[in-house]
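Please find below a colleague's note on the structure shown here. The points are numbered so that each may be checked against the coordinates in turn.

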Amino acid sequence: MTRIDEKRVLITGASSGIGAACARRFAREGVDVILWARRLDRLQQLARELQMAGAGDVRIQQVDVRDRAAVNAAAASLVEEGAIPHIIINNAGLAAGFDFVQDGDPEDWDRMIDTNVKGLLNVTRSLLPSLIRLGRGHIINIGSTAGHMMYPRGNVYAATKYAVRALTEGINLDVQGTPIRVSSIDPGFVETEFSVVRFGGDRERADRVYEGFRPLSGDDVSDAVFYVAALPEHVNILDLVVVPTAQRNVYVVDRKG
Ligand SMILES: NC(=O)c1ccc[n+]([C@@H]2O[C@H](COP(=O)([O-])OP(=O)(O)OC[C@H]3O[C@@H](n4cnc5c(N)ncnc54)[C@H](OP(=O)(O)O)[C@@H]3O)[C@@H](O)[C@H]2O)c1
């Protein structure tokens, strides 16, 4: 059994929010980290920060998870260098827009489906055969409470997270007969750049999402991800839903004031 501090983790969407918090958390615990995102400057800054804090091996790769050829090339370079991750955190994702379907922008739908669903599949497909060959590994998908219950205007974003939940269950069945673990962490409201991205850069509108209650932080979610990853290898958390205490279901929130 490999100890967590002898492992290597690949985190997609590591340039911000939950992904960056996971990078800090796993690096602090002595895990080597491979960080993927599109914004290379952010990854470089984070890598410097982690190295200053005494992290082990930190690799960064500029990868758009929607670009299957780029994902396959980055994964192949890890295989060639003998740096196959033990843990893959499929975190890269976004919500784009907040409209009723009848008013929705199909370009937004494409971005969400291509990133949240096809991107997760691209990354998983690029490395899962190596994990199976090595006879070890853990895929951790970042889903959402929006993958359990619909909310008004949630339509396509929630559909992608229902798909993530289906894929977690499906991949878990597909690796039957191997020791590979497949888990999903499904957060509720987390204060990251998520809402700024959703509302096209409108910070004031994004701030209003978290008004009157204390949302989760990226660190809160990275604690849950680390807990799941660090469990003994005969233990698997299939699905872990983590919400702020004030959040009673996907859209019922105790807001003060
Ligand atoms: N915040 C919440 O309330 C919440 C709740 C439940 C679930 N989630 C899920 O948590 C995950 C992380 O979101 P977050 O809250 O941390 O938001 P965030 O701060 O906006 O971070 C999103 C990350 O995804 C990356 N990303 C987006 N598109 C990408 C692409 N095509 N290729 C590679 N990387 C891409 C971004 O990096 P680049 O832009 O540099 O590529 C960024 O690092 C998402 O899957 C989201 O759906 C969030």
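This is a predicted model: local features need pLDDT of at least 70, side-chain atom pairs count only at pLDDT 80 or more; totals for chains, interfaces and linings use all residues.

1. On the length and the end of α3. Helix α3 covers residues 68–80, which makes 13 residues, and at 1.5 Å a residue it should span 18 Å. The C-alpha atoms at its ends are 18 Å apart, in agreement with that expectation. Gly82 follows α3 and has a positive phi, near 70°.

2. On a residue of α4. Asn122 is found in helix α4. Its relative accessibility is 6%, and Asn122 therefore counts as buried, the cut-off being under 20%. Apart from neighbours within four places in sequence, Asn122 is in contact with Val65, Arg66, Arg68 and Val71.

3. On helix α1. Is α1 mostly covered or mostly open? It is mostly covered, since 9 of its 12 residues are buried. The buried residues are Ile18, Gly19, Ala20, Ala21, Cys22, Ala23, Arg25, Phe26 and Ala27. The elements that cover them include β1 (8–12), β2, α2 (40–52), β4 (87–90), β6 and α8. With 12 residues at 1.5 Å each, α1 should span 16 Å; its end C-alpha atoms are 17 Å apart, which agrees. Gly30 comes after α1, and its phi is positive, near 90°.

4. Which residues come nearest to the ligand? Of the 30 residues around it, these are Ser15, Ser16, Arg38, Tyr157 and Thr192. Three helices, α1 (17–28), α5 (155–174) and α6 (194–198), each supply at least two residues of the shell around the ligand.

5. An N or O atom in the side chain of Arg39 is 2.8 Å from an oxygen atom of the ligand. In the case of Asn91, a polar backbone atom is 2.8 Å from a ligand oxygen atom. For Gly188, a backbone N or O atom lies 3.4 Å from an oxygen atom of the ligand. The ligand on its own has 880 Å² of accessible area, and the protein covers 96% of it.

6. On helix α5. This helix has 20 residues and reaches 28 Å from its first C-alpha to its last, close to the 28 Å expected at 1.5 Å a residue. Its buried residues are Val156, Tyr157, Ala158, Thr160, Lys161, Val164, Thr168 and Ile171. The buried residues of α5 pack against α4, β5, β6 (181–187) and α6.

7. On Ala166. The place of Ala166 is in helix α5. With a relative accessible area of 46%, Ala166 is partly exposed. Ala166 and Gly19 are 147 residues apart along the chain, and their C-alpha atoms are separated by 22 Å.

8. On Arg153. This residue lies in the loop between β5 (138–142) and α5. Arg153 is not a glycine, although its phi is positive, at about 70°. At 33% relative accessibility, Arg153 counts as partly exposed.

9. On Phe213. Where is Phe213 found? It is in the loop between α7 (203–209) and α8 (218–230). Phe213 has 10% relative accessibility and therefore counts as buried. Leaving aside neighbours within four places in sequence, Phe213 is in contact with Phe189, Pro244, Ala246, Val253, Asp254 and Arg255. Phe213 and Pro187 are 26 residues apart in sequence, and the distance between their C-alpha atoms is 16 Å.

How values were computed:
Residues are numbered from 1 along each chain as its sequence is written. Side-chain values use heavy atoms; hydrogens and water are left out. Helices (H or I, at least four residues) and strands (E, at least two) are DSSP runs, numbered from the N terminus. The expected span of a helix is 1.5 Å times one less than its number of residues. A residue is near a molecule or strand if one of its heavy atoms lies within 4 Å of it. A polar contact is a pair of N or O atoms within 3.5 Å; within protein, one must be able to donate a hydrogen and the other to accept it, and residues adjacent in sequence count only if both atoms are side-chain atoms. Accessible areas come from the Shrake-Rupley method with a 1.4 Å probe; for residues, only the protein chains shown count as cover. Buried means under 20% relative accessible area, exposed over 50%, partly exposed in between (1.4 Å probe, protein chains only). Contact means heavy atoms within 4.5 Å.
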